[in-house]
Amino acid sequence: MAGTASPRIRYQVACADRHAHLFAITLRVDAPAAGQVLSLPAWIPGSYLVREFAKNLQGLGARQGRRAVSIKQLDKASWQVDCVAGKPLELSYEVCAYDNSVRTAWLDAERGFFNGTSLCLRVEGQTGEPHALEVLAPPVTKGQARWSCATSLSPAAVDRQGFGRYLAASYDELADSPVEMGAFWSAEFEACGVPHRFVVAGAPASFDGDRLIADTRAICETQMRFWHGAKVGKRGGPKPPHDRYVFMLN
């Protein structure tokens with residue numbers, strides 16, 4: 001869970017062009033190193049292959065104050081910024097999101113989804129610091145339903161639809177917390193005292209949400225009691241290892 005410290009690494013994600021499948025990202029680093037190195041991972045939690053997420057990144061630029069600073073690409077997934085130490089650094093870039101899978105990113109007129117490893121450049125030397133992620137709501141277009149946003153990150157300042165600012169204790173937590181956007185089906189339930197949420201993108205009219213929630217609650221409670229004892233979540237029993245959980249189904 002994210003700490004209370006004000007994050008010095010902050011990402012802002014916007015749906016730049018849903019028809020062109022483009023996310024726009026702004027990264028602000030309050031205290032960069034001299035010649036700060038940034039990288040996009042070639043990995044994602046739970047998928048044990050080398051990935052090439054950086055191929056989807058384009059238009060990378062950087063500024064310190066009013067001054068544009070040059071960027072040198074070191075290899076296919078890392079860059080070095082010609083910046084001075086300690087002065088706030090701002091980077092901007094776009095990511096093409098056209099992989100409708102669990103491991104990358106997707107954006108079109110109906111739905112948005114991304115993992116941190118696809119959109120969020122890693123600030124080398126500061127990956128253990130608190131991070132903030134702000135997700136902006138796309139404009140509501142005529143004839144389309146209003147979108148909502150869901151993630152397991154800790155909310156800091158979000159609206160009723162879930163758009164706004166979230167916190168992560170480190171880059172690893174950010175990488176392990178995907179974000180779903182769209183006019184999705186959603187329901188909440190408790191398992192052993194822990195709030196859970198299920199988000200379903202593209203649910204048809206025949207979708208049986210009540211059965212899904214009942215089955216999922218039973219599975220969660222059985223697993224939690226198997227690993228942590230029959231009294232998990234009860235008075236005098238062990239505390240569950242997580243304070244929230246979000247299931248996402250596409």
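This is a predicted model: local features need pLDDT of at least 70, side-chain atom pairs count only at pLDDT 80 or more; totals for chains, interfaces and linings use all residues.
# A walk through the strands, cores and pockets

Let us start with a pair of strands: β3 (residues 37-39) and β7 (residues 78-81) lie antiparallel to each other and are joined over 3 bridges. The β3 and β7 strands belong to an open sheet of 4 strands, in the order β6-β7-β3-β11, with antiparallel pairing. At its edges sit β6 (71-75) and β11 (122-123), each of which pairs on one side only.

What does β8 pair with? Strand β2 (residues 22-29) runs antiparallel to β8 and is joined to it by 8 bridges, and here Phe23 stands opposite Val95 in β8. Strand β4 (residues 57-64) also pairs with β8 in the antiparallel sense, over 5 bridges, with Ala62 placed opposite Leu91 in β8.

Two antiparallel partners can be followed here. Strand β10 (residues 111-114) pairs with β16 over 4 bridges, and Gly112 stands opposite Met181. Strand β13 (residues 148-151) is joined to β16 by 4 bridges, with Ala150 standing opposite Glu180.

Now for the nonpolar cores. In soluble globular proteins, nonpolar side chains tend to be buried together. The largest nonpolar core here has 45 residues, and the members that touch the most others are Phe23, Leu27, Phe114, Leu119, Leu133 and Met181. Two of these names have already come up: Phe23 as the residue opposite Val95, and Met181 as the one opposite Gly112. What surrounds Leu27? Setting aside residues up to four places away in sequence, Leu27 touches Ile9, Arg10, Tyr11, Leu38, Leu89, Glu90, Leu91, Leu121 and Val123. There is also a second, separate core of 12 residues, which includes Val194, Phe198, Val200 and Val232.

Apart from its neighbours within four places in sequence, Glu221 is in contact with Glu190, Ala191 and Cys192. The C-alpha atoms of Glu221 and Ala191 are 5.5 Å apart, although 30 residues separate the two along the chain.

Finally, let us turn to the empty space. Rolling a probe the size of a water molecule over the atoms shows where such space is left. The largest pocket has a volume of about 740 Å³. Of the 29 residues in its lining, Ser152, Asp176, Ser177, Pro178 and Val246 are the closest to its centre. At least two lining residues come from each of β10, α2 (171-175) and β19 (245-249), and β19 gives the most, with 5 residues. By class, the lining of this largest pocket holds 13 nonpolar, 9 polar and 7 charged residues.

The second largest pocket contains about 280 Å³ of space. Its lining has 16 residues, and Thr151, Glu188, Arg197, Arg244 and Val246 are the closest to its centre. Strands β13, β14 (154-158), β17 (185-191), β18 (194-200) and β19 each supply at least two of the lining residues. This lining divides into 10 nonpolar, 3 polar and 3 charged residues.

How many cavities of 30 Å³ or more does the structure hold? There is 1, and the space in the largest cavity is about 40 Å³. Its lining is made by Arg18, Pro138, Pro139, Val140, Thr141, Gln144, Ala145, Arg146 and Trp147, which divide into 5 nonpolar, 2 polar and 2 charged residues.

How values were computed: Residues are numbered from 1 along each chain as its sequence is written. Side-chain values use heavy atoms; hydrogens and water are left out. A nonpolar core is a set of buried Ala, Val, Leu, Ile, Met, Phe, Trp, Tyr and Cys residues joined through side-chain atoms within 4.5 Å. Buried means under 20% relative accessible area, exposed over 50%, partly exposed in between (1.4 Å probe, protein chains only). Contact means heavy atoms within 4.5 Å. On a 1 Å grid over the protein atoms alone, a cavity is a set of points where a 1.4 Å probe fits but cannot get out, and a pocket is an open set with protein on both sides within 12 Å along at least five of seven lines; lining residues have an atom within 4 Å of a point. Grid points are joined across faces, edges and corners, and a volume is the space filled by probe spheres set on the points. Ala, Val, Leu, Ile, Met, Phe, Trp, Tyr, Cys and Pro count as nonpolar, Asp, Glu, Lys and Arg as charged, and the others, Gly among them, as polar. Two strands pair if DSSP finds at least two bridges between them.
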